[in-house]
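Here are my quick notes on this one. Have a look at the sheet and the cores as you read.

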Amino acid sequence: MAGLAFGSGAPALAAAKYTVKAGDTLWGISNKYGVSVSQLKAVNGLQGELLSIGQVLVIPGTGAASPSRSGSAVHVVAAGDTLWQIAQKYDTSVSAIMSANKLASDRLHIGQRLSIPRAAGSQSLAARPKNLSTLPPAPVSRSDSDAARDILEIAHAQLGKPYVWGSQGPDGFDCSGFTSYVFKQFGVSLSHSSYEQFKQGVPVSGDELQPGDLVFFTTYSKGASHVGIYTGDGQFIHASSSKGITYTSLSDSWYGPRYLGARRVL
């Protein structure tokens, strides 16, 4: 069983402010500062995800203080733990845990100690760890923006890893190996084949794409020969045979004309 330790009390972390620029998204800002989209929305009283240039956002829980010295928990990794499960247990985000612990990837080892950052304005983590046995293996509602955020955080953590034909990670991936690896973290089993993945889930039209949807392309052979994960703002993340895990625009001169369709599996 995972062990817990708690840091001594200290002044709460100071909140920073961020001025929205052209092209900014809530997900991009949350990833930059290691907080969650839901935390940003709550602190700033946002109802939706639309931003305006020049808008000033308060960034919760940022500052010079060490997370482990502000009432946060220390989680000791047990067999079977994943970053997503740990984030759900403590009501935080994968990116916040990765940022607090300076993790370059989502790989964990048994006995590793992770500092769990506390969301600004929340009660002490000592009072609110969740029992993982009460959690579903994956988010139960695809409409929950937090589910999409967590998918994209796991996918983003693989950025820059090499393309390896036939591999499902964690050190390298082919296109369907990458998508199957990401969704496996959420209890969703995808075939290690882009053609078979195109048969899973439900079809989604181009004008109804949501972050976390699978997007398919006809590349080196007919049919769904390539797959990636839609990230919003006309972008997708995928295992490119020439660049490894990378972001690409759906309107890219190569991929755009070869777009085949999309499926929603979560």
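The points below cover the background, the sheet, its helix and the nonpolar cores.

1. This is a predicted model: local features need pLDDT of at least 70, side-chain atom pairs count only at pLDDT 80 or more, and totals for chains, interfaces and linings use all residues. Residues are numbered from 1 along each chain as its sequence is written, and side-chain values use heavy atoms, with hydrogens and water left out.

2. There's an open sheet of 6 strands in the order β6-β11-β7-β8-β9-β10, paired antiparallel. (Strands are DSSP E runs of at least two residues and helices H or I runs of at least four, numbered from the N terminus; a pair needs at least two DSSP bridges.) β6 (202-204) and β10 (244-249) each have a single partner strand, so one side of each lacks a neighbour in the sheet.

3. Antiparallel β6 and β11 (residues 259-264) are joined by 3 bridges, and Val-204 sits opposite Ala-262 of β11. Helix α6 (residues 175-184) packs on the sheet, touching β7 (214-217), β8 (226-232), β9 (235-240) and β10. Contact here means heavy atoms within 4.5 Å.

4. The largest nonpolar core has 48 residues, and Leu-114, Phe-178 and Ile-229 are among those with the most contacts inside it. (Such a core is a set of buried Ala, Val, Leu, Ile, Met, Phe, Trp, Tyr and Cys residues joined through side-chain atoms within 4.5 Å; buried is under 20% relative accessible area, with a 1.4 Å probe and protein chains only.) Its largest share, 5 residues, comes from α6.

5. A second, separate core of 9 residues includes Val-204, Leu-209, Phe-217 and Ala-262.

Note on methods:
Axes are lines fitted to C-alpha atoms, for helices over the stretch in contact, and angles run from 0 to 180 degrees between N-to-C directions. Buried means under 20% relative accessible area, exposed over 50%, partly exposed in between (1.4 Å probe, protein chains only).
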